[in-house]
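Colleague: I would like a close look at one part of this model. Please keep it brisk and give the cut-offs as you go.

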Amino acid sequence: MALGMAAEAAELSDGHMVRNVVLFSVLVYELVGPTLTKLALTAAGEIIPEGRTSARTANKPEVPVSLD
């Protein structure tokens, strides 16, 4: 949605500057957002990291994880 609005804003007189700012902010959000979300969920105790994971092998933690 933001990209569509940036394309529409590019047609205005100073629209190119608005488009550049919007595209840069979307880039930063997409790169930083998932990492900060994972850190926040881990700090809140909502998710428990189990170490490195691989799509090729099943994730087997060394110590059994309890949900108590």
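Which residues form a nonpolar patch on the surface, and about how much accessible area do they have together?

Modeller: This is a predicted model, where local features need pLDDT of at least 70, side-chain atom pairs count only at pLDDT 80 or more, and totals for chains, interfaces and linings use all residues. Residues are numbered from 1 along each chain as its sequence is written, and side-chain values use heavy atoms, with hydrogens and water left out.

The patch consists of Phe24, Leu27, Val28, Leu31, Val32, Leu36 and Leu39. Together they have about 680 Å² of accessible area (Shrake-Rupley method, 1.4 Å probe, with only the protein chains shown counting as cover for residues). Patch residues have over 30% relative accessible area and no salt bridge; nonpolar side chains (Val, Leu, Ile, Met, Phe, Trp, Tyr) are joined within 5 Å, like charges within 9 Å. A salt bridge is a side-chain nitrogen of Lys or Arg within 4 Å of a carboxyl oxygen of Asp or Glu.

Helices are DSSP runs of H or I with at least four residues, strands are E runs of at least two, and both are numbered from the N terminus. An α-helix has 3.6 residues a turn, so residues three or four places apart point the same way.

Now the helix itself. α2 has 29 residues and spans 40 Å from first C-alpha to last, close to the 42 Å expected at 1.5 Å a residue. That expected span is 1.5 Å times one less than the number of residues. Val32, a patch member, also marks a kink of about 35° in α2, shortly before the proline Pro34. The bend is the angle between axes fitted to the seven residues ending at a residue and the seven starting there.

Further along, Thr42 also lies in α2. Thr42 counts as partly exposed because its relative accessibility is 30% (buried is under 20%, exposed over 50%, partly exposed in between; 1.4 Å probe, protein chains only). Leaving aside neighbours within four places in sequence, Thr42 is in contact with Ile47 and Pro49 (contact: heavy atoms within 4.5 Å). Gly45 follows α2, with a positive phi near 80°.

Next, helix α1. Ala2 lies there and is partly exposed, at 33% relative accessibility. Ala2 touches Val22 and Val26, not counting residues up to four places away in sequence. Ala2 and Val22 are 20 residues apart in sequence, with 7.2 Å between their C-alpha atoms.
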